[in-house]
Amino acid sequence: MERRAGNARPVLKLIKSLMHPILSSFRRLLLYLSGWGPLSAILLYLFASIGGLSWGRAAALALPLCLVYAFVCLSAWYSCRSIPLENSGSWLAHLTAAIVASLLWILAARGLAATLSSFASLAGLDRQIARVYPLLFGSGVLLYLLAVALHYVLLSNEAAHEAEKREVEARGLARESELKALKTQVNPHFIFNCLNSISALTSSDPATAREMCIRLAEFLRKTLGLGERAQIPLGEELDLIHAYLSVEQIRFGARLRLEENTEPGVLGFVVPPLLLQPLVENAIRHGIASLAEGGWVRLEIKNGTPQRLSITVENNFDPEAPRRRGAGIGLKNVRQRIDATYRNRARFDVRAEAGRFRVQLELPAEKAGEAPVPYSA
Amino acid sequence: MKQDAKIRTVIVDDEDLARQIIREMLKSHAEIEIVAECANGFEAVRLVSELKPDLLFLDIQMPKLDGFEVLELIGNDIAVIFATAYDEHALRAFEVHAVDYLLKPFRAERFDAALARAKERIGKKLPASPEQLSAATREPGQYAERVVVKDGTRVHIIPVTKLDYAEAQDDYVALASQGRKHLRQQTISSLEAALDPRNFVRIHRSYLVNLERVARLEPYGKDTHIAILGDGTRLPVSRAGLGRLKQFLGEKA
């Protein structure tokens with residue numbers, strides 16, 4: 001199935017590329033033919049004034065001839081497509097084609113006149129037609145060259161359109177891969193430290209060891225599959241944070257104090273997955289872990305100004321602590337993900353002063369479905 | 001070392017449960033005596049200086065001072081076994097000639113093997129030089145952000161931004177910061193190598209100065225100059241030092 005679908009696409013593309021842009025659309029064909037209306041009126045006038053034909057005879061000739069020549073001129077598309085305008089010899093090729101086309105037109109006029117002259121009211125038209133041959137030839141060449149110009153305009157339009165489409169596609173792809181690259185992963189050192197705690201607890205406190213195993217499993221399970229989703233409800237992200245904190249609580253014990261303040265009604269808004277968890281993890285890694293006597297983490301989520309979600313993650317820390325490896329990388333990653341997802345519709349603010357570290361986020365408050373899916377351009 | 005003497009051991013880890021597992025694994029070794037447990041680097045430096053243990057179990061990421069800074073301050077006559085969840089510090093641990101590097105979590109057999117190696121090592125001096133210990137406190141390819149000094153059992157942390165200048169004094173360097181001088185066992189060249197050359201310039205065989213502190217230069221004698229710092233301190237500038245200084249001040253201006 002896959003293979004056939006894969007093969008069908010180039011074929012479709014080929015057919016599409018062979019199809020005439022005017023013939024393939026009824027609306028465009030109608031527009032094109034209506035453009036020939038004034039042209040046929042001019043030709044009719046020329047037949048009458050220069051050719052000396054009566055108005056009736058001129059009309060009987062000019063209208064069908066214009067209709068025929070309108071279709072003949074469409075053939076210019078094929079030569080325009082195969083000969084790029086930049087080619088130095090292109091004008092010579094088109095001129096040759098124009099001469100051939102107008103000669104064919106004269107032949108058609110002759111045939112038409114012969115047929116029409118069998119009607120009693122138009123008798124003698126087959127002899128009179130010879131008078132307009134030069135006129136036909138001249139206007140035929142001119143009209144054909146006009147058609148060539150028209151087709152070049154169409155082609156360049158199409159090319160511009162195609163290029164734009166490709167660019168949009170490329171932008172979408174770039175953005176998608178950007179987001180993929182930034183997707184946060186659970187910090188492996190967190191897991192190693194947890195396993196070490198469990199290892200310590202197995203002999204001293206087996207019940208707590210089991211509890212920690214279960215909490216760690218719950219946390220890891222929640223993170224699974226999140227990477228595939230572009231956004232999740234805030235409630236789900238908070239569940240994940242609670243699972244994470246319940247593990248850290250065993251590890252740090254009384255050293256970790258938690259304060260949470262979530263306004264009701266915000267849980268249904270959507271956020272990119274694993275956006276807040278790294279901020280809380282950061283607060284513990286660089287806050288609590290740097291403080292011998294322990295510290296606190298404060299998480300606050302509010303419905304800010306209309307349609308804004310205001311999120312604060314704050315912790316205390318030791319300003320004199322040695323810099324930890326990877327300091328700032330987690331924050332940078334969150335900032336980049338916010339930029340890639342919301343462009344300029346979000347605010348990200350980091351402040352460290354007087355032993356307090358605060359990250360403030362302001363995101364558009366969006367429900368599932370109404371938010372733009374960040375993966376499409 | 002006498003046969004009946006116990007191996008006096010200190011455990012340093014900020015996590016209660018991490019210390020607990022080491023304690024538990026040491027239980028079956030009667031020759032080990034745990035003389036102290038510490039939850040941060042300051043405590044570790046103080047207690048090790050006081051108790052002079054034979055063996056140290058040392059975590060790396062801890063509050064106040066990290067494991068390598070602790071090691072730099074306590075010197076090289078203690079056998080050290082690192083215990084950490086991070087495998088990326090192993091190379092630096094090797095450079096300071098640590099006895100072993102345990103990755104958390106570890107099994108009892110692995111722990112016992114580390115302990116066996118430690119026993120062979122105890123009593124022998126670590127071949128790591130103060131320079132090697134100092135170099136290991138930095139991640140490879142990075143400049144120091146702070147310098148730690150020990151004054152008796154007290155530890156001072158000097159952020160490099162607060163370091164005014166350093167003066168060589170035999171085997172030591174005197175670090176001038178905020179009107180005080182701190183002595184540290186280190187050559188001035190190795191200190192120079194640890195600091196960002198865009199901020200610290202060797203103006204003299206014996207002096208390294210923080211560029212931001214230099215207020216002006218005055219000629220002094222035939223070949224030399226004097227650098228005058230913001231607080232009025234006058235430091236000699238050699239001819240080579242003047243060239244280096246001019247190059248930097250010229251770039252900054």
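Over how many bridges do strand β14 and β15 of chain B pair? In this predicted model, strand β14 of chain B, residues 224-229, and β15(B) pair in the antiparallel sense over 4 bridges.

**The two chains**

In chain A, among contacts between residues at least 6 apart in sequence, 73% join residues at least 24 apart. For chain B, the share of such contacts that join residues at least 24 apart, again among those between residues at least 6 apart in sequence, is 54%.

**The sheet of three strands in chain B**

Strands β14(B) and β15(B) belong to an open sheet of 3 strands, which has the order β13-β14-β15 in chain B and antiparallel pairing. Its edge strands are β13, residues 214-220, and β15, residues 234-237, each of which pairs on one side only. Neighbouring strands of this sheet are turned against each other by 30 degrees on average, with direction ignored. Within the pairing of β14(B) with β15(B), which extends over 4 bridges, H225(B) stands opposite V237(B) in β15(B).

**The sheet of five strands in chain B**

Another open sheet of chain B is formed by 5 strands in the order β10-β9-β8-β12-β11, and here too the pairing is antiparallel. The edge strands are β10 and β11, the latter covering residues 200-204, and each of them pairs on one side only. From one strand to the next, the twist averages 25 degrees.

Strand β8 of chain B, residues 165-169, is joined by 5 bridges to strand β9 of chain B, residues 172-177, and the two run antiparallel. Y165(B) stands opposite A176(B) in β9(B), while the bridge partner of Q169(B) in β9(B) is Y172(B). The hairpin of β8(B) and β9(B) has 2 residues between the strands, and D170(B) takes a positive phi near 55 degrees there.

Strand β9(B) is in turn joined by 6 bridges to strand β10 of chain B, residues 180-185, with the two strands running antiparallel. In this pairing, the bridge partner of V173(B) in β10(B) is R184(B). The hairpin of β9(B) and β10(B) likewise has 2 residues between the strands, and in it Q178(B) takes a positive phi near 50 degrees. As background to both sheets, side chains in a regular strand alternate between the two faces of the sheet.

**A buried loop residue in chain B**

A136(B) is found in the loop between α6, residues 130-135, and β6, residues 146-151, of chain B. Is A136(B) buried or exposed? A136(B) is buried, because 24 other C-beta atoms lie within 10 Å, and a residue counts as buried if 20 or more do so. When residues up to four places away in sequence are not counted, A136(B) touches F68(B), R92(B), E95(B) and V96(B). A136(B) and F94(B) are 42 residues apart in sequence, yet their C-alpha atoms are 9.4 Å apart in space.

Helix α8 of chain A, residues 188-204, and helix α9 of chain A, residues 206-223, pack at an angle of about 155 degrees, with their axes 7 Å apart. The two helices α8(A) and α9(A) are therefore roughly antiparallel to each other, since angles over 145 degrees are counted in that way. The crossing of α8(A) and α9(A) is left-handed.

On the side of α8(A), the residues that meet α9(A) are C194(A), S197(A), I198(A), L201(A) and T202(A), and their counterparts in α9(A) are P206(A), T208(A), A209(A), M212(A), C213(A) and L216(A). The residues of this contact divide into 8 nonpolar, 3 polar and no charged.

The contact between the chains takes 24 residues from chain A and 23 residues from chain B. On the side of chain A that touches chain B, the largest share, 11 residues, comes from α8(A). The residues of that side of chain A divide into 9 nonpolar, 9 polar and 6 charged.

Conventions: Residues are numbered from 1 along each chain as its sequence is written. Chains are lettered from A and ligands numbered from 1 in the order in which they are written. This is a predicted model: local features need pLDDT of at least 70, side-chain atom pairs count only at pLDDT 80 or more; totals for chains, interfaces and linings use all residues. Two strands pair if DSSP finds at least two bridges between them. Axes are lines fitted to C-alpha atoms, for helices over the stretch in contact, and angles run from 0 to 180 degrees between N-to-C directions. Two residues are in contact if their C-beta atoms, placed from the backbone, lie within 7 Å. Angles under 35 degrees count as roughly parallel, over 145 as roughly antiparallel, 65 to 115 as roughly perpendicular and the rest as oblique. A crossing is left-handed if the near helix is turned anticlockwise from the far one by less than a right angle, and right-handed if clockwise. Ala, Val, Leu, Ile, Met, Phe, Trp, Tyr, Cys and Pro count as nonpolar, Asp, Glu, Lys and Arg as charged, and the others, Gly among them, as polar. A residue is buried if 20 or more other C-beta atoms lie within 10 Å of its own, exposed if 12 or fewer, and partly exposed in between; C-beta atoms are placed from the backbone.
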